[in-house]
Amino acid sequence: MKTKLKGFIGEKIAENFLIKKGYKILAKNLKLKNLGEIDILCEKENKLNFVEVKTLFENKNFLPEFHFNFKKRKRIERLANFFCLKFKKEDYFISLIAIEVKNDKIKIRYYENI
């Protein structure tokens with residue numbers, strides 16, 4: 001399976017997960033030149049949540065969380081600050097959804113406000 005398709009599937013799983021948790025999806029795959037990209041922007045109780053999604057398929061010897069590092073978090077933080085200024089929002093946080101798909105079973109770990 002192609003990497004882009006795997007990412008799309010993981011983001012769709014994450015989107016459905018967030019909706020079930022009461023979030024309203026505002027945007028997906030937001031890209032701003034020189035600021036980076038965010039997989040999902042959602043909102044709940046007037047707080048923006050910038051969500052990074054990491055998905056692994058099949059049996060791997062590491063967790064998808066290992067692909068989320070300090071550099072990636074800083075990029076998301078810059079993007080979040082830009083959007084908060086633009087839309088006059090003060091409350092936001094950054095979250096990570098780690099998804100493992102193995103033998104047609106899906107494991108989701110949600111790290112809210114990391």
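**Sheet, cores and cysteines**

Seven bridges connect strand E1 to strand E2, residues 36–44, and the two run antiparallel. Before I go on, please keep in mind that this is a predicted model. One of the pairings to look at is Lys28, whose bridge partner in E2 is Ile40.

Next, the loop between E3 and H2, where you will find Glu65. Is Glu65 buried or exposed? Its relative accessible area is 12%, so Glu65 counts as buried, the cut-off being under 20%. The Glu65 side chain makes a polar contact with the side chain of Arg109, at 2.6 Å. Leaving out residues up to four places away in sequence, Glu65 touches Leu96, Ala98, Arg109 and Tyr111.

On to the nonpolar residues. In soluble globular proteins, nonpolar side chains tend to be buried together. Here the largest nonpolar core has 15 residues, and those touching the most other members are Leu18, Ile40, Val51, Ile97, Ile99 and Tyr110. Helix H1 (3–20), E2, E3 and E4 are the elements that give two or more residues to this core. Take Ile97 as an example: beyond its neighbours within four places in sequence, its contacts include Ala14, Phe17, Leu18, Val51 and Tyr110. Another core, of 13 residues, lies apart from the largest one, and its members include Ala80, Phe83, Ile94 and Leu96.

Last, the cysteines. How many disulfides does the structure hold? The count is zero. For Cys42, the nearest cysteine sulfur is that of Cys84, 12 Å away. A disulfide needs the two sulfur atoms within 2.5 Å, so Cys42 is in no disulfide. Cys84 is in no disulfide either. Cys42 is buried, with a relative accessible area of 0%, and Cys84 counts as buried at 7%.

That is where I will stop.

How values were computed. Residues numbered from 1 in each chain as written. Predicted model: local features only at pLDDT ≥ 70, side-chain atom pairs only at ≥ 80, totals over all residues. Heavy atoms only, no water. Pairing = 2+ DSSP bridges. Helix = DSSP H or I, 4+ residues; strand = E, 2+ residues; numbered from the N terminus. Buried < 20%, exposed > 50% of the residue type's maximum accessible area, 1.4 Å probe, protein only. Polar contact = N/O pair within 3.5 Å; in protein donor to acceptor, adjacent residues only side chain to side chain. Contact = heavy atoms within 4.5 Å. Core = buried A, V, L, I, M, F, W, Y, C linked by side-chain atoms within 4.5 Å.
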